[in-house]
Amino acid sequence: MDAAQPPPTLLPGPPAPGIDAPREAAVCDLRKEPKIPEPFVWPNADARPASADELDVPVVDVRVLRNGDAAGLRRAAAQVAAACATHGFFQVSGHGVDAALALAALDGASDFFRLPLAEKRRARRVPGTVSGYTSAHADRFASKLPWKETLSFGFHDRGVTPVVADYFTSTLGPDFEPMGRVYQKYCEEMKELSLTIMELLELSLGVERGYYREFFADSSSIMRCNYYPPCPEPERTLGTGPHCDPTALTILLQDDVGGLEVLVDGDWRPVRPVPGAMVINIGDTFMALSNGRYKSCLHRAVVNQRQERRSLAFFLCPREDRVVRPPPSAAAPRHYPDFTWADLIRFTQRHYRADTRTLDAFTRWLAPPADATSTATAQEASSC
């Protein structure tokens, strides 16, 4: 692989519509709200009901990468190729993640989110970063708030210390060491699974064996625990608004409640939880790595009036300074310029609310026309 190049010089500018300047959020306890506060109401176009037809999401047995089943491997690669070229979602079985560990991680999320609000806020997210606790992302947005709470933290395995376990003890105290150990182990399992999936993606795209696995070997990923409380008016809000993931790959563990929906051909299609399987979806970064062959698709999460819902999302990301570019064998022309993950995460955290146009908007932001350069510079000067 080529050595990472310095990131390009980025032009500063004001936050995009929908993203506020960093501020201290007004936090509410969603479990105690008798009706939906106005900032949580979503437009009908976003919150419209889903189709009765479930999304056709193949369940791919990833054991074929190791058991010598050549026919099964060809079938798995074909299933992944068909799904990723259309809606970008598939599920994996045979992944080897211990069921007891997965349950402990889900239960750990329940334990954390049931803590008193003041205790959870000891881990509150610093604006402009991705780690920490937030209620409804109210630290970033003023309207169209999601009906959920999240706890996010970074993961990498390049050092000698267990970064996730250290995060829990340093942020929440020594009583949370057992919870930190659970998530440390879970993230390690997710990292290994993500590299296995990269091997399958290599085969499905016909690129050089090992290209994507090597690219993410020293990854700096994000783990997020999601909690969706019961909602008094679920038809007026969303648990997670329509978005595309800016990351490379998402591995989602759902409980049995369900709520994930994907927009396909103008309809929101539910993704039914499959016991023991994990949902995989392509993000913007991998769409760039595949030169646009595989799609990052709009998806959302809905809530209900009766049951809480939990999910765990592991977002595979490159190392911050790794240059994102397709493999040498990718067909020309290039659809996206070279960029680093540090550039893209900065853009989505401070300037743009992720959607189907994120990569296109990001490309323009990296290299704006000359008149936009002078405008952005003037806007920055006037805000100082």
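This is a guided tour of one predicted model, stop by stop.

Residues are numbered from 1 along each chain as its sequence is written. Because the model is predicted, local features need pLDDT of at least 70 and side-chain atom pairs count only at pLDDT 80 or more, while totals for chains, interfaces and linings use all residues; side-chain values use heavy atoms, with hydrogens and water left out.

**Whole chain**

Start with the whole chain coloured by pLDDT, the predictor's confidence in each residue, from 0 to 100. The average is 86, and 87% of the residues score at least 70. Select residues 1-26: here the pLDDT is below 50, and the stretch has 57 contacts in the model beyond near neighbours in sequence. A contact means heavy atoms within 4.5 Å. Next select residues 370-384, where pLDDT stays under 50 and the model has five contacts beyond four places in sequence. Where pLDDT is low, the predicted coordinates should not be read in detail.

Now switch to a cartoon view. The chain has eleven helices and 14 strands; these are DSSP runs numbered from the N terminus, helices being H or I with at least four residues and strands E with at least two. Of the 384 residues, 53% count as buried, where buried means under 20% relative accessible area, exposed over 50%, and partly exposed in between (1.4 Å probe, protein chains only). Among contacts between residues at least 6 apart in sequence, 78% join residues at least 24 apart.

**Helix α3**

Select residues 99-113. This is helix α3, with 15 residues. From first C-alpha to last, α3 reaches 22 Å, close to the 21 Å expected at 1.5 Å a residue; the expected span is 1.5 Å times one less than the number of residues. Buried residues of α3 include Leu101, Leu106, Phe112 and Phe113. At the start of the helix, show Asp98: one of its side-chain oxygens reaches to within 3.1 Å of the backbone nitrogen of Ala100.

**The cores**

Select Leu151, Phe153, Phe168, Tyr183, Leu201, Phe286 and Leu312. They have the most contacts inside the largest nonpolar core, which has 92 residues. Such a core is a set of buried Ala, Val, Leu, Ile, Met, Phe, Trp, Tyr and Cys residues joined through side-chain atoms within 4.5 Å. Helix α6 (residues 177-205) gives the largest share of this core, twelve residues. Apart from this core lies another, of ten residues, among them Phe40, Ala136, Leu145 and Val303. Centre next on Phe153.

**Cysteines**

Show the cysteine sulfurs. A disulfide is a pair of cysteine sulfur atoms within 2.5 Å, and by this rule the count is zero. Cys225 is in no disulfide; the nearest cysteine sulfur, that of Cys187, is 8.3 Å away. Cys225 is buried, with a relative accessible area of 1%. The sulfur of Cys297 lies 6.5 Å from the closest cysteine sulfur, in Cys244, too far for a bond. Cys297 also counts as buried, at 11% relative accessibility.

**Two loop residues**

Most residues other than glycine have a negative phi. Select Asp265, which has a positive phi of about 55° although it is not a glycine. Asp265 sits in the loop between β8 (260-264) and β9 (267-270). Last, select Asn291, in the loop between α8 (284-289) and β11 (299-301). Phi of Asn291 is near 55°, again positive.

Note on methods:
Polar contact = N/O pair within 3.5 Å; in protein donor to acceptor, adjacent residues only side chain to side chain.
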